[in-house]
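Visitor: I should like to learn how to read a structural model one feature at a time. May we begin with a single residue and its surroundings?

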Amino acid sequence: MDLSHILLLLVAGVAAGTVNAIAGGGSLITFPSLIATGLPTVDANVTNSVSVFPGYVSSVAGSRVDLAGQGRRVRAIIPTSIVGSAAGCALLLLTPGRVFEIVVPFLVLGAAATLAFQDRLRGLVGHPRHMSARRAAVTLQVVVFVGAIYGGYFGAALGVMYVAALALILDEPLKRINALKNVLSAAVGLVTVVVFAIFANVHWGAVLVLAPATVVGGYAGAKLARRLPARVLRYLIVTFGTVIGLILLYRAVR
């Protein structure tokens, strides 16, 4: 990498860490940036997954206040997240990705729409407080597992999808749901780091540049997310999700 590549990755890392903490989708900043430095697509994807993990961890640290009282819930879903993300990593390394590339944009756009029309959808599926404890627990595990598979495979807009789904099934303020999303993203990120470090072609020079930058952005973004009103936070997440989905759709069909 030359100096221009290093500067590009530093800026992309800070921006991606901030976006991931607020809404998710930061990988769509770092992933194209890695490709711009000359990395092949698959190598850029796995390098990106390893690079953004420290930013997820710093996001958790920045949002720890909103995790208060959620320890039992976190302990219940972390194992599911680990298993799902490992399955997603296996899909990436062992199968062709064309079909998934076509499906992903619609998943992201669907997630953004789900969050945008959350109140109307709750009228159809029922408010979280009206769910039985068993139904809520099972639904939460399914959502976490499916999201983790996606996160292990590609991961862009994972936060958008998690926030949208969790907001339907948890009777919690959006800030606390966003904090839980940060924990899940970090768990998925940890698995991808381990798997890709062992089995994939990670460009460690790029990681050394990107990772510290995502830490700075992740911590700052989490602090910013805590200060934003719920309506503004929802608007930002829906906007990010819609833009990301359209970008992915364009890439899939071009």
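Guide: Let us begin with leucine 210. Apart from neighbours within four places in sequence, leucine 210 is in contact with Leu9, Gly13, Thr30, Leu34 and Ser51. Please bear in mind that this is a predicted model.

Visitor: Where is leucine 210 found, and is leucine 210 buried or exposed?

Guide: Leucine 210 is found in helix 10. A residue counts as buried when its relative accessible area is under 20%; leucine 210 has 0% and is therefore buried.

Visitor: How far apart are leucine 210 and valine 103 in sequence and in space?

Guide: They are separated by 107 residues in sequence, and their C-alpha atoms lie 28 Å apart.

Visitor: Two of the contacts of leucine 210, Leu9 and Gly13, bring me to helix 1. How does one check the length of a helix?

Guide: One compares an expected span with the distance between the ends. Helix 1 covers residues 3-22, and at 1.5 Å a residue its 20 residues should span 28 Å; the end C-alpha atoms are 29 Å apart, which agrees. Just after helix 1, glycine 24 adopts a positive phi of about 95°.

Visitor: Which residues of helix 1 are buried, and what covers them?

Guide: An α-helix has 3.6 residues a turn, so residues three or four places apart point the same way. In helix 1 the buried residues are His5, Leu9, Ala12, Gly13, Ala16, Gly17, Val19, Asn20, Ala21 and Ile22. Their cover includes helix 2 (27-36), helix 3 (41-62), helix 9 (174-199), helix 10 (204-227) and helix 11 (230-253).

Visitor: How does one describe the packing of two helices, for instance helix 4 and helix 9?

Guide: One gives an angle, a distance and a handedness. Helix 4 (residues 71-94) packs against helix 9 at about 40°, and the axes are 9 Å apart; the two helices are therefore oblique to each other. The crossing is right-handed. Among the residues making the contact are Ile78, Ser85 and Cys89 of helix 4, and Leu184, Val188 and Thr192 of helix 9. By class, this contact has 17 nonpolar, three polar and one charged residues.

Visitor: What is in contact with threonine 192, neighbours within four places in sequence aside?

Guide: Threonine 192, which is placed in helix 9, is in contact with Ser49, Val50, Cys89, Gly151, Gly152 and Ala197. Threonine 192 is buried, with a relative accessible area of 2%.

Technical notes: Residues are numbered from 1 along each chain as its sequence is written. This is a predicted model: local features need pLDDT of at least 70, side-chain atom pairs count only at pLDDT 80 or more; totals for chains, interfaces and linings use all residues. Side-chain values use heavy atoms; hydrogens and water are left out. Helices (H or I, at least four residues) and strands (E, at least two) are DSSP runs, numbered from the N terminus. The expected span of a helix is 1.5 Å times one less than its number of residues. Buried means under 20% relative accessible area, exposed over 50%, partly exposed in between (1.4 Å probe, protein chains only). Contact means heavy atoms within 4.5 Å. Axes are lines fitted to C-alpha atoms, for helices over the stretch in contact, and angles run from 0 to 180 degrees between N-to-C directions. Angles under 35 degrees count as roughly parallel, over 145 as roughly antiparallel, 65 to 115 as roughly perpendicular and the rest as oblique. A crossing is left-handed if the near helix is turned anticlockwise from the far one by less than a right angle, and right-handed if clockwise. Ala, Val, Leu, Ile, Met, Phe, Trp, Tyr, Cys and Pro count as nonpolar, Asp, Glu, Lys and Arg as charged, and the others, Gly among them, as polar.
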